Amino acid sequence: MSEQHPHNSSSVLYLGFLPSLKRLLCTPAYFLLLCGIVLKFNSFIGLLTFKAKYMEQQFGQSAARANFLIGVLILPVVAVGIFLGGLIMKRYKLSVVAGAQFSVISSFSAFLLLLLHFSTKCDNLPMAGLTVSYNGSVLNSHSEPLVSQCNQHCSCSISDWDPVCSESGITYVSPCLAGCSSSTGQGKNTVFHNCSCVLSPSPAEGSRSVSLGQCPRDPACSRSFTSYMAVSVLSSFINSLGTTPGFMITIRCISPELKSLALGIQTLVMRTLGGISAPVYFGALIDSTCLKWGLKKCGGRGACRIYDSNMYRIIFLSLTTCLSGASYFFIIPVIVLLRKQFSKEEVEVLQQTAIRKNQIELQSTDSHQADGSQTDTREKTELTDTDKTT
């Protein structure tokens, strides 16, 4: 008997799991909410994974500064928003429907703010042979070869990545591809001279020269980055206000015995369909905007050196906003279903309360009648005793 007990318990667990799962997924409010959460989580994971890279490629921020700003500005604001959302729900004692409405309104407001990111942008960095030609004209298609007439005699390797900046504002992939023939200085202070591909001569050196590093962005790009961070902080705060009320929807829209299973399935689906898949297709679409790939020592393709900023912005923001916007087609019907569900429950509660009141009144009336009949009987008995005594 002891050997059969584990087998019986596992079979009972298996037979009990499938009906519970079927019952859970056949709950319309939960299933629609699950679909909406998956889309929302895909948008969130894609945004969180590539936000620092987006700040780096679009606004010219270093990777360290981008991650520092996310950690210092956005994460504390999100934590405060989650705390205040729970405090508001407790302070005003929001019902399930009211909490769901509050969560959707805050989330949708943050979604509308995110649309402002399309207006905060920086132009492509002028890179000779990639975004502009060697004579400075903007390229419509990135088919311009890195080797041109001005550097074809230099026998340069197009796989090298050692960007240099000219005073005309154009960045070259390497000093060799800039056509430079001499250099002065050491380390970061190295300056290359007699560069045949540079458009204008350097007044300081009296010849065409370039310095190490990419050219800086213009001041308008810095202002765009400030606007981008302000919108990001504000939208993150507003969105986080609805986190706690939104979490309560999952707990309250299903029967009590299915709560633990519902939370487990929700977490599993979110991590599988969002946490694993979102970085894959986000990364694949973002990599399609790469203009210059690096090479590994073994000869394979390495990291992307420079992206098409305009295409990166369009693809990245379109993905996040489309996924987030599509989630509301599933979440809004949940509110409608919750209203119907809890309005019926309220009617049933009121009916049960009325029935209980009627029963209590009937019981009290019966008790009063019983007390009255007992009183009459006692009075009659007393009168009879009095007559006998007389």
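Biologist: How much of residues 314–338 is helix, and how far apart are the end C-alpha atoms?

Modeller: The span 314–338 is 100% helix and 0% strand, and its end C-alpha atoms lie 36 Å apart. Helices (H or I, at least four residues) and strands (E, at least two) are DSSP runs, numbered from the N terminus. This is a predicted model, where local features need pLDDT of at least 70, side-chain atom pairs need 80 or more, and totals for chains, interfaces and linings use all residues. Residues are numbered from 1 along each chain as its sequence is written, and side-chain values use heavy atoms, leaving out hydrogens and water.

Biologist: Why are H6 and H7 called oblique to each other?

Modeller: Helix H6 (residues 243–252) and helix H7 (residues 259–287) pack at an angle of about 130°. Angles under 35 degrees count as roughly parallel, over 145 as roughly antiparallel, 65 to 115 as roughly perpendicular and the rest as oblique. H6 and H7 are therefore oblique. Angles run from 0 to 180 degrees between N-to-C directions, with axes fitted to C-alpha atoms over the stretch in contact; here the axes are 9 Å apart.

Biologist: What makes Asn-42 buried or exposed?

Modeller: Asn-42, in helix H2 (residues 28–59), has a relative accessible area of 5%. Buried means under 20%, exposed over 50%, and partly exposed in between (1.4 Å probe, protein chains only). Asn-42 is therefore buried.

Biologist: Which residues does Asn-42 touch, not counting those up to four places away in sequence?

Modeller: Among them are Leu-273, Ser-277, Tyr-281 and Leu-323, where contact means heavy atoms within 4.5 Å. A side-chain polar atom of Asn-42 also lies 2.7 Å from the backbone oxygen of Val-38.

Note on methods:
Polar contact = N/O pair within 3.5 Å; in protein donor to acceptor, adjacent residues only side chain to side chain.
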